[in-house]
Amino acid sequence: MTPGELLADSLDRVAEHVEAVLDGLDVEALTHRPEPGANTIGWLVWHLTRVYDDHVAAAAGREQVHVASGYAERLGLPFDAADTGFGHSSDEVAAVRVPADLLGDYFREVHRAMRPWVHGLDAADLDRVVDERWDPPVTLGVRLVSVADDCAQHAGQAAYVRGLLGR
């Protein structure tokens with residue numbers, strides 16, 4: 001297994017979790033908060049998709065699906081197109097009221113756009129520095145592991161909140 005195949009497999013697993021967590025949910029369920037101030041399923045899926053789209057597109061030198069395919073407008077959210085959700089307030093989390101099919105479409109399009117590029121990476125690619133704002137500078141390998149980890153954690157959180165629905 002190549003490093004690209006390994007990273008693509010980890011993102012495929014995130015895709016499976018996202019599909020499962022969104023399946024059959026309406027906007028009310030997507031915006032349910034298990035307690036005041038908690039993140040919602042909808043916000044978690046939107047945020048993990050934005051991170052995936054933003055970080056991998058930047059590393060690949062591509063335009064984000066969010067902008068290129070019009071999701072910045074189609075999702076109807078009151079955020080700047082560059083917003084990925086980092087540091088969102090409780091009110092901003094509550095503002096994410098998007099139907100499951102549209103959230104799923106956005107995630108699937110990001111995954112379809114980025115997966116082939118990730119899959120084709122080799123070991124030498126992963127040593128390329130992609131962000132010099134950190135000490136030490138961030139390599140492509142570190143960035144992609146971070147994306148896969150962040151997405152997996154948020155998909156798991158969304159699955160947990162889904163498990164609380166109806167209790």
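Ala158 has its place in helix 8 of what is a predicted model. With a relative accessibility of 0%, which is under the 20% cut-off, Ala158 counts as buried. Setting aside the neighbours within four places in sequence, the residues in contact with Ala158 are Val21, Ile41, Leu44 and Val45.

Along the chain, Ala158 and Val147 are 11 residues apart, and their C-alpha atoms are separated by 16 Å. Both of these residues, Ala158 and Val147, belong to the part of helix 8 that meets helix 3.

After helix 8 comes Gly166, which has a positive phi near 80°.

How do helix 3 and helix 8 cross, and at what angle? Their axes come within 9 Å and cross at roughly 170°. Because this angle is over 145 degrees, helix 3 is roughly antiparallel to helix 8. On the side of helix 3, the residues that meet helix 8 include Ile41, Leu44, Val45, Leu48, Val51, Tyr52 and His55, while on the side of helix 8 they include Leu140, Leu144, Val147, Cys151, His154, Ala158 and Val161. Helix 3 is largely enclosed by the rest of the structure, because 17 of its 20 residues are buried.

At Ala113, shortly before the proline Pro116, helix 7 has a kink of about 30°.

Which residues of helix 7 are buried? They are Ala100, Leu102, Leu103, Gly104, Tyr106, Phe107, Val110, His111, Met114, Trp117 and Val118. Among the elements that cover these buried residues are helix 1 (3-22), helix 2 (27-30), helix 3 (41-60) and helix 8 (140-164), and helix 4 (65-68) and helix 5 (71-74) are also included.

Helix 1 packs against helix 7 at an angle of about 170°, with the two axes 10 Å apart. The two helices, helix 1 and helix 7, are therefore roughly antiparallel to each other. Helix 1 contributes Gly4, Glu5, Leu7, Ala8, Leu11, Asp12, Val14, Ala15, Val18, Glu19 and Leu22 to this contact, and helix 7 contributes Ala100, Leu103, Gly104, Phe107, Arg108, His111, Arg115, Val118 and His119. In an α-helix there are 3.6 residues a turn, so residues three or four places apart point the same way.

Apart from neighbours within four places in sequence, Val27 is in contact with Arg97, Val98 and Pro99. Val27 and Val96 are 69 residues apart along the chain, and yet their C-alpha atoms are separated by 9.5 Å.

In the loop between helix 2 and helix 3 lies Thr40, which counts as buried because its relative accessibility is 2%. A polar atom of the side chain of Thr40 lies 3.5 Å from the backbone oxygen of Leu30. When neighbours within four places in sequence are left aside, Thr40 is in contact with Leu30, Thr31, His32, Arg33 and Val93.

The peptide bond that joins Asp135 and Pro136 is cis, with omega at about 5°.

Thr139 is found in strand 2, which covers residues 138-139. A polar atom of the side chain of Thr139 lies 3.5 Å from the backbone oxygen of Leu126. Not counting residues up to four places away in sequence, Thr139 touches Leu126, Asp127, Arg128, Val129 and Val130.

Methods
Residues numbered from 1 in each chain as written. Predicted model: local features only at pLDDT ≥ 70, side-chain atom pairs only at ≥ 80, totals over all residues. Heavy atoms only, no water. Bend = angle between axes of the 7 residues up to and from the residue. Helix = DSSP H or I, 4+ residues; strand = E, 2+ residues; numbered from the N terminus. Buried < 20%, exposed > 50% of the residue type's maximum accessible area, 1.4 Å probe, protein only. Contact = heavy atoms within 4.5 Å. Polar contact = N/O pair within 3.5 Å; in protein donor to acceptor, adjacent residues only side chain to side chain. Axes fitted to C-alpha atoms, helices over the stretch in contact; angles between N-to-C directions. Parallel < 35°, antiparallel > 145°, perpendicular 65-115°, else oblique.
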